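Thank you all for coming. Before I start, please bring the sequence and the structure up on your screens, and then we will walk through the sites together.

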Amino acid sequence: MAVTGLCILGATGSVGCSTLDVVARHPERFRVVALTAHRQGERLLEQCRRFRPDVAVVDSVDAAERLRAGLDAAGVPTTVWHGEAGLIQAASLPEVTAVMAAIVGAAGLLPTLSAVRAGKTVLLANKESVVMGGALFMDEVRRHGARLIPIDSEHNAIFQCLPRDFAPGLDGAGVRRLLLTASGGPFRQFPAEQLAHVTPQAACAHPNWVMGRKISVDSATLMNKGLEVIEAHWLFGLPPERIEVVVHPQSVVHSLVEYVDGSVLAQLGHPDMRTPIAHALGWPQRLDVGLPLLDLVQIGQLNFEAPDRERFPALDLAYQALRAGGGAPVVLNAANEAAVAAFLANRLPFTGIGELIGRVLAQLGGEPAGCWEAVIELDRRTRATCAAWLGGEA
Ligand code: NAD
Ligand code: MG
């Protein structure tokens, strides 16, 4: 069995830690070549002591010096790099065959792109890079012969429900539509007037999944599902009207594929990211991750309902951005990151997230983004526009 040389971008985050948990159960199959983190140097040091990667990457010179000292004290010979250049280099090391792209937000774009350009197998958790890059990103995947395996549980579920040789558009596979399930988040049943007063802490307490703070807020606003609709459009090549969202509070059915003959295939499992991670790490083989059996009798019910598009306007903003094309998804993503950061810092109410995105999308959403320079410039301009607007409000 070939040993997979693994680089984990965002190793200290929720997806990164779950990835290392799977790797630790199958030490004969993986060699950890590189681990990266932003500011969680202590956790990265622990991971380096345990997995002894060739390279570790942190955000700054100071953080690199601290990590170096810790590694020396522990007798670990890992090389330490820092900054975006370090991330880009780590993702394209020749010893690396697969890259787990698990940095959160637009910060993951260039490192993920580096893995794509080096023709790696890219295990894609960082949905924001596909949302931003769209056709440019998919074009790079094709040109460099990279393989994308989705980690997002919904897209991984769809990947599992498609024939192995599926081609974009899915017409050849006889697919009618994709159904993305959404938990509905912690405020699914909150009346509209309460939403203005919910706290970051409440937004981050997801009923089914334990995740990083940004994606937890995205799940609460339904922007996560909106970003996932855009992600599904690019990964599977279907138009927006053939990608639908259904709220499923138990998070047991992870998504569904409907075929022209009326068959609907779904992937079910515990709401535990180790399942899609293990699927992608082992593909096309299956890896045991030690999860308990799925007890359907105990679960008892699987419920489905339509998303409330008025209380959670982010979902339609995402469809709107996808239909508009050009730079609109770049603006949507950057405005969302800025708004979520402001909400987490108690500078914007929860309902202000959708308002800010809608306003900035109306202002900048018509801009083109036909090359990477334009994407990066539009991302920067959107953040500056949001900052000015948030500054004016404060
Ligand atoms: P997280 O906040 O727990 O971890 C993020 C990781 O990225 C950390 O290792 C952090 O150090 C690193 N990071 C943050 N900012 C960085 C920067 N500027 N430069 C370099 N590294 C940086 O996030 P997460 O929940 O693990 O999510 C990671 C990605 O996976 C996101 O794109 C998210 O949408 C996606 N995803 C997560 C889950 C989940 O269950 N957590 C599920 C599906 C998809
Ligand atoms: Mg998801």
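Predicted model: local features only at pLDDT ≥ 70, side-chain atom pairs only at ≥ 80, totals over all residues.

Residues are numbered from 1 along each chain as its sequence is written, chains are lettered from A and ligands numbered from 1 in the order in which they are written, and side-chain values use heavy atoms, with hydrogens and water left out.

Which residues come nearest to ligand 1? Of the 23 residues around ligand 1, these are Thr12, Ser14, His38, Glu128 and Gly212, and a residue is taken as near if one of its heavy atoms lies within 4 Å. Helices α1 (14-25) and α6 (127-144) each supply at least two residues of this shell; helices here are DSSP runs of H or I with at least four residues, numbered from the N terminus.

Turning to individual atoms, an N or O atom in the side chain of Glu128 is 2.7 Å from an oxygen atom of ligand 1, a backbone N or O atom of Ser14 lies 2.9 Å from an oxygen atom of the ligand, and for a backbone N or O atom of Gly10 the distance is 3.3 Å. Taken on its own, ligand 1 has 820 Å² of accessible area, and the protein covers 87% of it, as computed by the Shrake-Rupley method with a 1.4 Å probe.

Glu154 lies in helix α7 and Glu228 in helix α11 (residues 223-236), so the pair ties together parts that are 74 residues apart in sequence. Are these two glutamates buried or exposed? Glu154 is buried, with a relative accessible area of 8%, and Glu228 is buried as well, at 1%, where buried means under 20%, exposed over 50% and partly exposed in between, with a 1.4 Å probe and protein chains only.

Finally, the structure holds 6 aromatic pairs, that is, rings of Phe, Tyr and Trp (its six-membered ring) with centres within 6.5 Å, counted as stacked when the planes are under 30 degrees apart, edge-to-face when over 60, and tilted for the rest. Phe159 and Trp283 form an edge-to-face pair, at 5.8 Å centre to centre and 65° between the planes, and this pair links distant parts of the chain, with Phe159 in helix α7 (residues 153-161) and Trp283, 124 residues apart from it, in the loop between α12 (274-282) and α13 (296-299). Phe159 is buried at 12% relative accessible area, whereas Trp283, at 22%, counts as partly exposed. Ring pairs also link Phe159, Phe166, Phe236 and Trp283 into a cluster.

Key:
Polar contact = N/O pair within 3.5 Å; in protein donor to acceptor, adjacent residues only side chain to side chain.
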